[in-house]
Amino acid sequence: MNPSVRLSDSAVPAAHTAWPAALASVPAMLDAVPVALLHFQMEGAELRLQFANAAAHRLHGLRAVRTPAVSAAKVFVLLVGTHLLEQLHAVAHSGVPLDCQHVLRDQGQLRLAWKIHAECTQKNHVLVTVQDIAESEALAGSLLHAQSTLAETQRELREQTEVFGTMESMGRSGYWRRIRDEGESVLLWSPGLCDIAGLDRQEWISTERALSGVLPEDRQVFESAHGAGCDSDIEYRWRRPDGQVRWMRARVRLPAQQDGVLVEMGVVQDVTDEHRSAERMRDQLDFIQSIASRVPGFIYQCRVHRDGSHSLPYVSEAVNEMMGVSNTLVRQDHHALERNVVKGDIPMLRRVVRRAVRTLEPWHCEYRVQAPDGSVRWHMTSAALQAESDGSVLMHGYTQDITDRKHAAQEIERLAFYDPLTQLPNRRLLLDRLDRLVLGSQRSHQHGALLFIDLDNFKDLNDTLGHDMGDQLLIQVAQRLLGSVRECDTVARFGGDEFVILLDGLHRDMDEAARQTEAIARKLLSALNQSFELAGQKHYSTPSIGLTLFGQERLSVEELLKRADLAMYEAKAAGRNTHRFFDPGMQQALHERSSLEADLRQGLAGGELFVHYQPVVDHKGRVMGAEVLARWSHPVRGAISPLEFIPLAEQTGLILPLGKQVMRSACEQLVQWAKHSHTAHLSIAVNVSARQFRQADFAAQVMQILQETGANPFRLTLELTESLLLGDIEEAIQRMVQLKREGVGFALDDFGTGYSSLSYLKRLPLDQVKIDRGFVRDVLTDPNDAAIVRSILALAQSLDLEVVAEGVETAGQLGFLRLHGCEKFQGFLFGRPGPAADIEAQAHGEV
């Protein structure tokens with residue numbers, strides 16, 4: 001601002017001390033100033049406008065200056081978000097001038113750009129100049145954007161140059177360009193081309209320098225390619241300045257006009273490693289050819305030409321031995337090899353070869369050939385492929401005879417999927433076929449059937465005649481089963497004496513399919529009911545067969561086997577040597593059995609099972625002891641019969657913890673009875689299952705319970721069943737003798753109902769036998785039962801064994817038994833099973 005315009009308090013008369021008055025004398029001069037001038041005065045807490053020149057009125061964004069005495073806040077309303085007002089107030093109070101710039105942008109667009117100067121002219125008076133710098137700001141922004149774009153373009157160019165250079169380096173390649181313009185020719189080499197040629201990197205290169213490394217013997221090939229007048233590919237050798245000779249592959253493009261000049265281009269690649277690999281392969285081929293006659297199988301080379309034809313440059317002489325054709329004939333006619341291949345394998349072999357030629361990947365194929373001796377042999381051919389420069393593909397192959405390996409693999413498969421004894425499919429193969437058959441039946445809407453066959457009393461035959469005879473029986477059964485079904489059906493050995501038959505393609509109607517299945521089941525029964533020849537003796541074995549159908553219903557393999565198994569057990573329950581179809585009721589019974597098993601496990605753990613005692617009396621009716629019997633009081637179902645839960649415990653293995661519990665209860669009761677004179681003479685008999693007795697540590701378990709409870713072993717009798725003795729009799733005798741030495745007695749329970757050998761019976765350390773209640777029940781009405789009872793009593797007397805008759809319920813039965821020498825009795829006539837207190841009361845004479 002012109003200093004002559006600036007006024008102070010000392011420079012004006014007293015009547016005109018105010019700045020506006022002085023300013024009013026020069027308005028025209030101030031309006032001529034191109035910079036906006038605004039004069040503010042502090043009025044209270046606000047700066048109010050006193051004057052604004054013409055430039056301020058014209059400045060966009062300062063419309064408020066047209067309003068007299070408007071506040072600075074409204075004048076600079078566009079800068080309300082800045083600290084300008086506070087800064088102007090500071091100028092008015094402190095007198096310190098202010099210089100600042102304000103630039104506002106909206107979505108990248110410039111709204112205003114002001115350069116502001118403010119100074120205090122006198123107390124509470126502030127003169128503000130506002131200069132519009134939008135044009136210079138826009139120019140500066142444009143310049144900055146142009147600089148940024150240029151930098152980005154330069155960066156991208158550097159990156160592309162680096163990438164291209166890297167690609168050239170990795171591909172060991174480069175390119176050149178020749179530019180011709182009115183007699184002037186310029187040759188440019190890329191850095192990559194300079195590198196592979198062994199020259200210093202240089203953009204311009206002379207023609208003489210460009211040809212200096214080409215070997216003389218390759219110069220003609222090089223020059224003919226450039227003068228051919230068409231695009232061409234050539235390979236030549238280049239000697240680098242360091243003496244290395246490298247193989248180069250070049251592709252030259254026809255000259256083309258570009259911007260009025262003629263441009264010729266070419267790409268060069270260093271293919272020395274490729275040539276060396278080919279040389280090594282040829283050396284290896286020479287080596288292979290030298291040993292070809294010494295290896296099993298024959299070696300060959302087969303060239304597949306671009307037109308698809310084949311030729312065999314080499315075949316070793318072993319082809320004559322393997323294929324029955326000479327190597328000379330094969331080289332002349334390669335179809336001679338294919339003529340010996342089994343016709344069914346030719347399409348597969350051709351597909352493999354075509355794919356390998358297309359992909360250049362190594363291949364191998366197994367196929368059958370007709371050997372010179374007429375036999376069918378398995379061959380395997382493997383080959384590696386190599387693309388040749390003329391467009392053909394060269395295969396280096398080897399063919400060997402793998403017949404022995406195939407037979408070994410088939411034997412391994414047989415062992416994995418077939419039963420070694422019967423040669424039938426085993427369980428694994430059966431499950432796979434059944435799964436496939438179920439899916440196939442759902443698609444074809446035809447029914448299939450599953451037959452589960454179990455041989456009746458097979459274990460008895462195994463135990464009596466030996467496992468060798470049992471195996472012979474299984475082999476003959478397998479043969480008869482195969483002879484009774486169709487070829488499309490599957491006969492499998494499921495395990496032990498169990499066989500499974502799968503019937504395929506039955507009628508779509510379920511009733512008709514059931515009739516078809518039943519007809520086959522009857523045929524199987526008839527075949528297996530014929531006598532079997534075992535070691536020169538005739539033997540009879542009958543089957544129990546369970547049948548189940550499947551078709552549209554989605555059933556798992558496990559569910560089908562479970563249904564057939566249930567049906568088979570129904571056949572056994574029906575008297576054996578018969579067949580039964582699966583019934584949904586069987587499934588319900590299975591669920592109930594599973595539920596009962598879970599409850600039994602919980603009951604054992606929760607103390608729901610307990611014992612009762614049934615008295616054993618002498619011929620005078622005196623209580624001599626008791627048999628301990630397990631009882632179960634279910635919290636919901638109440639009392640459950642031992643006939644229901646004891647067999648379940650046997651099947652599930654729960655008989656082991658249950659047997660221990662019963663044994664301990666009996667021994668603890670013996671200790672209690674030993675404390676009183678009227679019960680001290682009582683003994684207790686405990687039933688022992690075959691599963692318990694066959695435990696390796698059974699004797700040790702019994703002795704440990706006796707020791708822990710303090711019971712007298714001479715008062716304890718273990719009751720064994722005859723079926724228990726069908727196993728290893730020597731081991732059973734040894735275990736009994738071990739406990740017998742400690743004082744434990746033994747009784748043979750249910751005598752006469754099973755298989756008993758007198759030679760075994762006299763060797764067993766028994767104390768007593770128990771006549772089964774089945775004989776006692778009809779002893780007065782059935783002469784056969786009466787005769788059996790008399791025989792048992794006579795036999796026991798001759799062996800010096802005590803006899804206990806079970807199930808005595810009438811005085812007539814008691815009289816018959818006493819008449820024929822029986823001295824101990826057990827049954828409802830003398831007392832039902834009950835708590836130990838009942839036995840004590842009876843022994844004391846209270847009952």
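Where is the place of Ala-535? Ala-535 sits in the loop between strand E19 (532–534) and strand E20 (537–539); strands here are DSSP runs of type E with at least two residues, helices are H or I runs of at least four, and both are numbered from the N terminus. The model is a predicted one, so local features need pLDDT of at least 70 and side-chain atom pairs count only at pLDDT 80 or more, while totals for chains, interfaces and linings use all residues. Residues are numbered from 1 along each chain as its sequence is written, and side-chain values use heavy atoms, with hydrogens and water left out.

Back to Ala-535: its phi is near 55°, a positive value in a residue other than glycine. Ala-535 counts as exposed because its relative accessibility is 64% (buried means under 20% relative accessible area, exposed over 50%, partly exposed in between, with a 1.4 Å probe and protein chains only). Asn-124 also has a positive phi without being glycine, near 65°. Asn-124 lies in the loop between E4 and E5 and, at 26% relative accessibility, counts as partly exposed.

Five strands make up an open sheet in the order E2-E1-E5-E4-E3, with antiparallel pairing; two strands pair if DSSP finds at least two bridges between them. Strand E2 (46–52) and strand E3 (98–106) are the edge strands, each pairing on one side only. From one strand to the next, the twist averages 30°. Helix H5 (residues 84–94) packs on this sheet and touches E1, E2, E3, strand E4 (109–122) and E5, contact meaning heavy atoms within 4.5 Å. The direction of H5 makes about 170° with that of E3; axes are lines fitted to C-alpha atoms, for helices over the stretch in contact, and angles run from 0 to 180 degrees between N-to-C directions. Within the sheet, strand E1 (residues 36–43) and strand E5 (residues 125–132) pair in the antiparallel sense over six bridges, and His-39 stands opposite Leu-127 in E5.

Glu-806 is in the loop between strand E30 (802–805) and helix H30 (811–819) and counts as buried, at 3% relative accessibility. Leaving aside residues up to four places away in sequence, Glu-806 touches several residues, including Glu-627, Asp-749, Asp-750 and Arg-773. Glu-570, found in helix H20 (residues 557–573), counts as partly exposed at 39%. Glu-570 and Gly-621 are 51 residues apart in sequence and 44 Å apart in space, C-alpha to C-alpha.
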